[in-house]
Amino acid sequence: MSKPYAEVIGDPIIQSKSPVIQGFWLSQLGIDADYRRCHVTADGLAAYLAERRGDALWRGCNVTMPHKQAIMPLLNRIDDEAARIGAVNTVVREADGSLTGYNTDAPGFLEPVAPLLGDEDYRFAYVIGTGGAARAIIDALFHAEFMIWSISRNPAKARAEFGQYLGDDPEFLIDLAELPSGPLRPADLEVFSLIVNATPLGMTGHDPLDLPWGGFLANATVYDIVTAPVDTALLQQARAQGLATIDGLAMLIGQAAVAFEKFFGAPAPRGADAELRSLLTQ
């Protein structure tokens, strides 16, 4: 390869949409560079980085499952946000060959939420899930001054994972099997309320996510990070309730844009998002 390039690595990797996104932006900007998938197993991760760090054309890589935590001790530096979250999804090769790890999931998640925020007295978020994506999302929401409830099948695990982000009251831990049908806040509060599905529930091949519409979901914006399908049953049900929705492509494209600029030194051409979304849903 004789031109700059970046990659996405994981095991498996064939499902990644990153080459479509990054390749589209490179084409839009006329940048003579490449972006590709690379299948890297857990056993091959250290050797992969050792080889790539010596390649001056390699700009870095996006990191998907199962390497987001395992890659961290193999890097020279970890960005403060990634260290706080405990996961890296973007690695950048510096000019001297050293490697810096970032987490672009957090800013990517917040991108479509930020324009919705107004002068409400409170910001409430109900986050479903306890995995790595949930951790990045909860960290982002916490630093955007949201009050956070964790909803999961294992509240004890959620307390261990997210305790520093949640209030001391046990009410901030909710069992997914025992979702409340009533409100969790006084009706007279001015609140921006967000519910986030950060699990695979609703993804192709997985069980759906069923929620008790009304109650604590009343007037919430529903954000589902699942991307296959993009228009999940959860989002369809939310719209049927008259609720605003955000789909998983919003986060996927947002986090990719942060990585693109780090790799190729130019902002992603976001004016073409509609065309890009069309490509991703074909």
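Glu7 is buried, with a relative accessible area of 0%. I keep in mind that this is a predicted model.

**Entry 1: the partner of Glu7**

I asked which side chain Glu7 meets in a salt bridge. The partner is Arg36, at 2.9 Å from N to O. Glu7 sits in strand β1 (residues 5–10) and Arg36 in strand β2 (residues 34–39), so this pair ties together parts that are 29 residues apart in sequence. Arg36 is partly exposed, at a relative accessible area of 26%.

**Entry 2: Arg270 and Glu111**

I moved on to Arg270. Its salt bridge is with Glu111, and the closest N and O atoms are 2.8 Å apart. Arg270 lies in the loop between α8 (248–264) and α9 (273–280), while Glu111 lies in the loop between α4 (105–110) and β7 (122–128), so the pair ties together parts 159 residues apart in sequence. Arg270 is partly exposed at 26% relative accessibility. Glu111 is partly exposed too, at 33%.

**Entry 3: Glu161 and Arg135**

I looked at a pair between helices. Glu161 and Arg135 form a salt bridge, with the closest N and O atoms 3.8 Å apart. Glu161 belongs to helix α6 (residues 155–162) and Arg135 to helix α5 (residues 132–143), and the two are 26 residues apart. Is each one buried or partly exposed? Glu161 is partly exposed at 30% relative accessibility. Arg135 counts as buried at 17%, because the cut-off for buried is under 20%.

**Entry 4: the tally**

I asked how many salt bridges the structure holds. The count is twelve. Some share partners: Glu7, Arg36, Glu51 and Arg52 are joined into one network that way.

**Entry 5: strand β6**

I turned to strand β6 (residues 99–102) and checked both of its faces. Leu99 and Gly101 are on one side, Thr100 and Tyr102 on the other, and all of them are buried. Both faces are therefore covered.

Which strands pair with β6? Strand β4 (residues 77–78) pairs with β6 in the parallel sense, over two bridges. Arg77 has Thr100 of β6 as its bridge partner. Strand β5 (residues 90–93) pairs with β6 in the antiparallel sense, over four bridges. There I found Thr90 bridged to Tyr102 in β6.

Last, I looked at the turn. β5 and β6 form a hairpin with five residues between them. Gly97 is in that turn and has a positive phi of about 90°.

Key: Residues numbered from 1 in each chain as written. Predicted model: local features only at pLDDT ≥ 70, side-chain atom pairs only at ≥ 80, totals over all residues. Heavy atoms only, no water. Salt bridge = Lys/Arg side-chain N within 4 Å of Asp/Glu carboxyl O. Buried < 20%, exposed > 50% of the residue type's maximum accessible area, 1.4 Å probe, protein only. Pairing = 2+ DSSP bridges.
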